[in-house]
Amino acid sequence: MNAEMLGDRIRRLRNARQWTLKGLATKSFMSVSYLSDIERGRTPPSLKTLVRIARSLDMTPSQLLDGVDLSVYGP
């Protein structure tokens with residue numbers, strides 16, 4: 001899974017909760033523009049950011065990354 005696919009997964013999880021991008025940004029203490037870039041695959045999130053997003057979605061990081069190909073982050 002590349003950064004675009006990871007972003008799409010985050011977007012789908014957010015939409016399943018019927019949250020706006022602003023709502024997730026508020027819960028995760030991040031800017032709307034940064035989260036938008038992550039969801040669009042423009043910016044791959046750091047591990048710290050993934051943890052914040054996962055916690056905001058009431059998930060563990062491992063649940064968020066379930067099925068994600070981490071090769072996008074290097075060997």
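This is a predicted model: local features need pLDDT of at least 70, side-chain atom pairs count only at pLDDT 80 or more; totals for chains, interfaces and linings use all residues.
Local features require pLDDT of at least 70 and side-chain atom pairs count only at pLDDT 80 or more, while totals for chains, interfaces and linings use all residues. Residues are numbered from 1 along each chain as its sequence is written, and side-chain values use heavy atoms, with hydrogens and water left out.

**Exercise 1.** Determine how helix α2 and helix α3 pack, and which residues make the contact.

*Solution.* 
1. Helices are DSSP runs (H or I, at least four residues) numbered from the N terminus; α2 covers residues 21–28 and α3 covers residues 32–39.
2. Axes are lines fitted to C-alpha atoms over the stretch in contact, and angles run from 0 to 180 degrees between N-to-C directions. The angle here is about 110 degrees, and the axes lie 9 Å apart.
3. Angles of 65 to 115 degrees count as roughly perpendicular, so α2 and α3 are roughly perpendicular to each other.
4. The crossing of α2 past α3 is right-handed (the near helix is turned clockwise from the far one by less than a right angle).
5. Contact means heavy atoms within 4.5 Å. From α2, the residues L21, K22, L24, A25 and S28 take part, and from α3, V32, L35, S36 and E39.
6. These residues comprise 5 nonpolar, 2 polar and 2 charged (Ala, Val, Leu, Ile, Met, Phe, Trp, Tyr, Cys and Pro count as nonpolar, Asp, Glu, Lys and Arg as charged, and the others, Gly among them, as polar).

**Exercise 2.** Describe the salt bridges of D8 and the exposure of the residues that form them.

*Solution.* 
1. A salt bridge is a side-chain nitrogen of Lys or Arg within 4 Å of a carboxyl oxygen of Asp or Glu. The structure holds 5 salt bridges.
2. D8 pairs with R11, the closest N and O atoms being 3.3 Å apart; both residues lie in helix α1, 3 residues apart.
3. D8 also pairs with R12, at 3.1 Å between the closest N and O atoms. D8 and R12 are 4 residues apart in α1 and therefore separated by about one helical turn.
4. Buried means under 20% relative accessible area, exposed over 50%, and partly exposed in between (1.4 Å probe, protein chains only). D8 is partly exposed at 30%, as is R11 at 24%, and R12 is partly exposed at 47%.

**Exercise 3.** State whether R14 is buried or exposed, and list its contacts.

*Solution.* 
1. R14 belongs to helix α1, residues 3–16.
2. Its relative accessibility is 8%, so R14 counts as buried.
3. Not counting residues up to four places away in sequence, R14 touches W19, T20, L21, L24, E39 and L57.

Notes. Helices (H or I, at least four residues) and strands (E, at least two) are DSSP runs, numbered from the N terminus. Angles under 35 degrees count as roughly parallel, over 145 as roughly antiparallel, 65 to 115 as roughly perpendicular and the rest as oblique.
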